[in-house]
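Keep the view open as you read, and take the points in any order you like.

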Amino acid sequence: MPRTAPIKAVRGVRDILPEERALWRVAERAAARVAHRFGYREIQTPVIEHAELIERVGEDTDAVAKELYRFEDRGGRQLALRPEATAGVVRAYFEGGLNQGPQPARLYLIGPMFRYDRPQKGRYRQFFQFNVEAIGVGSPAVDVEVIELARTWLIEVGLDKLALELNTIGDDQCRPAYLELLRAYYRPLKDKLHPDCQRRLEVNPLRLLDCKVPQCQPFKSRAPKITDHLCEPCATAWAVVRKLLDAAGIDYHLNPYLVRGLDYYTRTVFEFYPAGASGQQDALASGGRYDGLAAAEGWPSTPGVGFAGGLDRVTELMASEGEEVVPEPAAEVIVLPDGDLVAEAAEIARVIRVVRSAAVDYEPRSLRAKMRAADKVYARWAVLFNADDAQRRVAQLRDMRTGEQSEVLWSALPELLA
Ligand code: AMP
């Protein structure tokens, strides 16, 4: 037999092992709990979509195209693994008839997203997001609602030192004229810009504002700001968002350089960072309004607002902040047969499972070794028995914390352990 190397996980993806899942579960449960508390219902959409759904929307398709997991299926369809949830959720909103129901449709989704990014610490090719969308209502009150939802979630998982970055990027009424101003400002500076920014200048000038390259920084502060060039409705919405955040006692930092590269984004954009870390690392959650998305997908024009929280990032920070997760036993009760008593051990476990989680140690090893193993998996009780006990349908019930042990009937176990 030729020796082959063991087959490892695909580059850029990772396993989340049971020990880590305990912390992830805390974050996911808080997400679901908080979403429900705000009146949001869970939705699941497929991880595969037509590539066109993701590629059609937006102008700066470069970034999207470069990172997209795109493939042809056996039927010749051009498909993609979703890089984010919003496009699919908006599609489902129409296809599932949620547009006919009460508005807004308040939806949340927790699931994996895929981007063919350069793998590095904290950035994976499969990662997980908590995604929240309110579709069908343009009121800026809903912008603040999703901001408050994101913030409540982060606080509930213990990340209470937060910085909220806030901006507006106008809409298709006021943005085109602003972009012309921005181009006019940057054109004379073109030679001094980074090559990526030279290209952006004509195709997507808004992205000049969030460029992180040092050579482009000196020009930002004098660039025209969109907040000085909003149309009436956008200016009103922008004032309402800030007023409602103030009323809610939510601090924010106005950041004129916070933008989105795609055309369908409108008005409010926001990002949550750990306090003191804005811009230096990945956001914990980011979101905004996307009133142009439905139309870009070919549906009737419909407003929407939402955010995506990065579960990889959030759980990493929870762990580094020392979030205590009590180790969970794989099973509360471990059944330890002394000898070859497989059917009997399985029967005892079956009886116990009505009230408690139970597992059997089937390994052919000494009772002592089994006891040591039971300790390692944090079992709360052990049920020990040998062939004699089995004859009499009794076992020794041992409390693993106190070491107390007593003989009990199998039939009495559910009541004793309940
Ligand atoms: P975005 O969809 O890029 O606005 O990001 C929303 C959230 O997803 C942020 O909290 C990011 O930290 C997280 N995120 C985005 N891309 C990745 C990735 N490749 N790996 C891990 N988390 C990611």
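This is a predicted model: local features need pLDDT of at least 70, side-chain atom pairs count only at pLDDT 80 or more; totals for chains, interfaces and linings use all residues.

1. At the S16 end of the order, strand S15 (residues 394–399) and strand S16 (residues 405–409) run antiparallel, joined by five bridges. Arg 398, for instance, has Gln 405 in S16 as its bridge partner. S15 and S16 make a hairpin with five residues between them, and in the turn Gly 403 has a positive phi of about 80 degrees.

2. A second sheet is worth a visit. This one is open too, with three strands in the order S2-S4-S3 and antiparallel pairing. Its edge strands, each pairing on one side only, are strand S2 (48–50) and strand S3 (69–72). Here the twist averages 35 degrees from one strand to the next. S2 is joined to strand S4 (residues 78–81) by three bridges, and these strands run antiparallel; Ile 48 has Leu 81 in S4 as its bridge partner.

3. Now to the ligand. Which residues come nearest to the ligand? Of the 13 residues around it, they are Arg 115, Tyr 124, Ala 283, Leu 284 and Ser 286. By class, the shell is made up of six nonpolar, four polar and three charged residues. Strand S6 (126–135), strand S10 (285–289) and strand S11 (304–310) each provide at least two residues of this shell.

4. Some polar atoms around the ligand can be picked out one by one. A backbone N or O atom of Tyr 124 is 2.8 Å from a nitrogen atom of the ligand, and a side-chain N or O atom of Arg 123 is 3.3 Å from a ligand nitrogen atom. On the oxygen side, a polar backbone atom of Ala 283 lies 2.7 Å from an oxygen atom of the ligand. The ligand on its own has 470 Å² of accessible area, and the protein covers 86% of that.

5. How many aromatic pairs does the structure hold? There are 11 aromatic pairs. One of them, Phe 130 with Trp 153, is edge-to-face, at 5.0 Å centre to centre and with 70 degrees between the planes. This pair links distant parts of the chain: Phe 130 is in strand S6 and Trp 153 is in helix H5 (residues 140–156), 23 residues apart.

6. Finally, two backbone details to check in the viewer. The peptide bond from Gln 103 to Pro 104 is cis, with omega near 0 degrees, and Pro 104 sits in the loop between helix H4 (86–95) and strand S5 (105–114). Arg 267 has a positive phi, near 50 degrees, although it is a residue other than glycine; you will find Arg 267 in strand S9 (residues 266–274).

Definitions and conventions:
Residues are numbered from 1 along each chain as its sequence is written. Side-chain values use heavy atoms; hydrogens and water are left out. Two strands pair if DSSP finds at least two bridges between them. Helices (H or I, at least four residues) and strands (E, at least two) are DSSP runs, numbered from the N terminus. Axes are lines fitted to C-alpha atoms, for helices over the stretch in contact, and angles run from 0 to 180 degrees between N-to-C directions. A residue is near a molecule or strand if one of its heavy atoms lies within 4 Å of it. A polar contact is a pair of N or O atoms within 3.5 Å; within protein, one must be able to donate a hydrogen and the other to accept it, and residues adjacent in sequence count only if both atoms are side-chain atoms. Accessible areas come from the Shrake-Rupley method with a 1.4 Å probe; for residues, only the protein chains shown count as cover. Ala, Val, Leu, Ile, Met, Phe, Trp, Tyr, Cys and Pro count as nonpolar, Asp, Glu, Lys and Arg as charged, and the others, Gly among them, as polar. Rings of Phe, Tyr and Trp (its six-membered ring) pair if their centres lie within 6.5 Å; planes under 30 degrees apart count as stacked, over 60 as edge-to-face and the rest as tilted.
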